[in-house]
Amino acid sequence: MFRNARPGRVASWGRVRAVVLAVVAVLAVVPLSASSCVPGARSAAARPVDRAPHEVRTDPAALGDVTLVVWDQEVRGGQEKQITALNEAFHRRYPNITVRRVARSFADLRDTARLALTGDDPPDVLQVNNGRQDMGAFVRAGLLRPLTGEAAAYGWESRFPQQVLQLCRYPDAGDLLGEGRLHGLPQTGELVGIYYNRAILAELGLTPPRTWAEFDAALATAKRAGRLPIQFGNLDKSTGIHLLGLALHRFVRPEDETALATGRPGASWSTPATEAAARLLVEWVDRGYLPEGFAGVHSDDSWAAFGRGEGLFHVGGSWLVPDLSAAMGDNVGFMLPPSSDGTTGRPVVTGGTGLPFAVSARSRHPDAAAAYLDFITSPEAMTVLARTRNLPATPPKADRPADLLGTVITGWENVTSSGVLVPYLDYATNTAYETIGDSVERLLAKAIPVPMFLEALQADRDADRGGR
Amino acid sequence: MAAGEQRGARRRRPAGPPGEPRRVGYLYLLPALVVHALFLLFPLARGAWISLFDWDGLTLGRWVGWENYRALVADAGLRAAFGHVAVLLVFFSVLPIAVGLVLATALHRTRVRGLAFFRTALFLPQVVAMVVVGVAWRNIYAPNGSLNRALRSVGLDSWATSWLGDADTALVAVGFVGTWVQTGLAVVLFLGGIGRIPHESFEAARLDGAGVVWEFRAVVLPALRAEIGIAATLTTIAALRTFDLVYVMTPLGGPGRSTTVPAYEIYHRAFHSGQVGSAAALGVALTALTFLITMGIARITREERAR
């Protein structure tokens, strides 16, 4: 292309003028022809209504030939294995239903879900990112089918712990996670805990800390011994949010923390408890508990460094289990955040579910879609999930893995049965992920003091009140 | 031009001078224009139309007229984003052209062995996907990465820093990668241009007693005007639409939002925060800006050619 671009061949004004004329012509014509075509006009259909339990046909074999289009993001290692196995099993049991799977990475699925759901030919079932800016917005726009009738017909309410189902409930306004009707089902659980390096812990003469005081002592001991207390990398600003969550667990009442995470009216960031949590993060920086230059290290590189034995603790999600157990074998342990008195009775943990599977409001096969959701979250499916090294949302009693995954599964059971599962802090508003990520990054860099940090989070919360 | 051809043209169009475009020319443009209109102009117009609405991409849009554009101007964060692009312009465009001119002249003068190798090596970054470039440089800039290790090994410990994690250095660090990528393009373009300069011009300059600098100014620079124009256009567009480097190297716009750029903001608003109308307005503004700047560059190089 460079060869052609010799003097004299660069766009002549005649041609430029023609293009400009064409642009003007198109600009003039399009609005006229499209004046009825307000963006979103086609997707603004009637809101889907609940069906009564008896209207739901729960015998998939009697539905005739159906092709079910399913979009999922179960593309990594064990995820791919479980969904492939379950899809095959589903088709074996109900040969009349063919699952046409469209697999995308998380980012791809998230970026195309809006267009897919509002398009002419939406998928029947798709995994939607939880939180207000995605699942909440889809519910608000009436693009997802409420599943109250299906839940009653299949008995989903008793299959899952309430804390788990909560995370798929949205009111029609799409704003308050945990209230309103069920709009999806998760296959897996997620929780953010503390990984520790067994060898370093033993070398320092310590046991896994059960109280916050023991945790503080472990950090100090590691620092004195020249070991990195907490492995951490915040270039992508995603792990800073988890660190803040951990600090909040220590000072803020679980109910208040949940209110902050889900953007409840009246939830406040300006309290002595939240201030104490923010100060704790600054203290960790001041005492050198975090690695040097953490702001320039990607979270993926930081857990990889922890896997190589750099650091006593790493605050991270259960999604790291496959990678960390591959890198460290038996040398890695996992614990839930400590408590103030050392009891494990009511653990408070940040967590949630894997991306819920939801049914498009315009699916022509709602019964087959519901049957599919039922199948991939059934007790048999949970066994498959555990066997393929995922964290099942409702873990099976038998066949428990004995390694790191087993520890995480037990932790998940404790939290969902008797503890408090605090949703991710960024579920609160449309912009919470960016605001909290930015603010924590600046707080840790000492670019803003604690009061300003809390003000920024409060401002994001307040700006969102009333919704867009 | 053949005499018969001239006569024919005169017979049909007695008014115009020979060589002036005739209307039939538009017919030749038509196929390309149709494709262009379908895949470029229509989406552009549709984007401009959407930019006049408050729309979340899901529910019915609400007509707001110029409000989205007014909000763009009022948004301090966005003004900063355009400021970052101005900095990137220096790194993506000005520096590569300056370095490219020096390198191309040097490579041409010294007649190095294995010129083809150097040319390929310099051009290689252009061929590699930007995402790969971003990941590679992320590792180089890491606190324990090769850049800091190199600095420490020569005793410059105090210079070592968390390049991408520091609000003061992140933008420059990203910009430098742009220089690394674009310099190869400039060098290859300029080498081709220098190669076409008749040998006599250099000889004449040398006979007149011109040194390296004078020869560069009198012979090389004027002959390379077109190439400089092309390099400036391509690198400027690359700078204005920077997205992948920022997305990979400094997710969420870097420490303290110090590296966020308009293209990243468009992506974020359209796909994540449900502000499709605002994203479209920003897209139209960025398109207009790019159009104006590249038109300006084309204009300048054209006028200078008509010397």
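The following legends describe close-up views of a predicted model.

**View 1. Strand β8 of chain A and its covered faces.** Strand β8 of chain A comprises residues 313-317. The strand is mostly covered, with 5 of its 5 residues buried. One side of β8(A) carries Phe313(A), Val315(A) and Gly317(A).

**View 2. The pairing of β6(A) with β8(A).** Strand β6 of chain A, formed by residues 189-197, runs antiparallel to β8(A). The two strands are joined by 5 bridges. Within this pairing, Val192(A) of the chain stands opposite Gly317(A) in β8(A). Tyr195(A), in turn, stands opposite His314(A) in β8(A).

**View 3. The pairing of β7(A) with β8(A).** Strand β7 of chain A consists of residues 230-231. Its pairing with β8(A) is in the parallel sense and extends over 2 bridges. Here Gln231(A) has His314(A) of β8(A) as its bridge partner.

View 4. Strand β6(A) is mostly covered, since 9 of its 9 residues are buried. Strand β9 of chain A, residues 332-335, pairs with β6(A) in the antiparallel sense over 4 bridges. In β9(A), Met335(A) is the bridge partner of Ile194(A). Strand β10 of chain A, residues 348-353, likewise pairs with β6(A) in the antiparallel sense, over 4 bridges. In β10(A), Gly352(A) is the bridge partner of Glu190(A).

View 5. An unreviewed UniProt entry assigns the annotation "transmembrane region" to several spans of chain B, including residues 26-45 and 81-104. The other spans that this record lists are residues 116-137, 170-195, 216-240 and 279-298. In the model, residues 26-45 of chain B are 100% helix and 0% strand. The end C-alpha atoms of residues 26-45 are 22 Å apart. Residues 81-104 of chain B are also 100% helix and 0% strand. For residues 81-104, the end C-alpha atoms lie 33 Å apart.

Terms used
Residues numbered from 1 in each chain as written. Chains lettered and ligands numbered in written order. Predicted model: local features only at pLDDT ≥ 70, side-chain atom pairs only at ≥ 80, totals over all residues. Buried ≥ 20, exposed ≤ 12 C-beta atoms within 10 Å, placed from the backbone. Pairing = 2+ DSSP bridges. UniProt positions renumbered as here; feature names shortened; annotations may be inferred.
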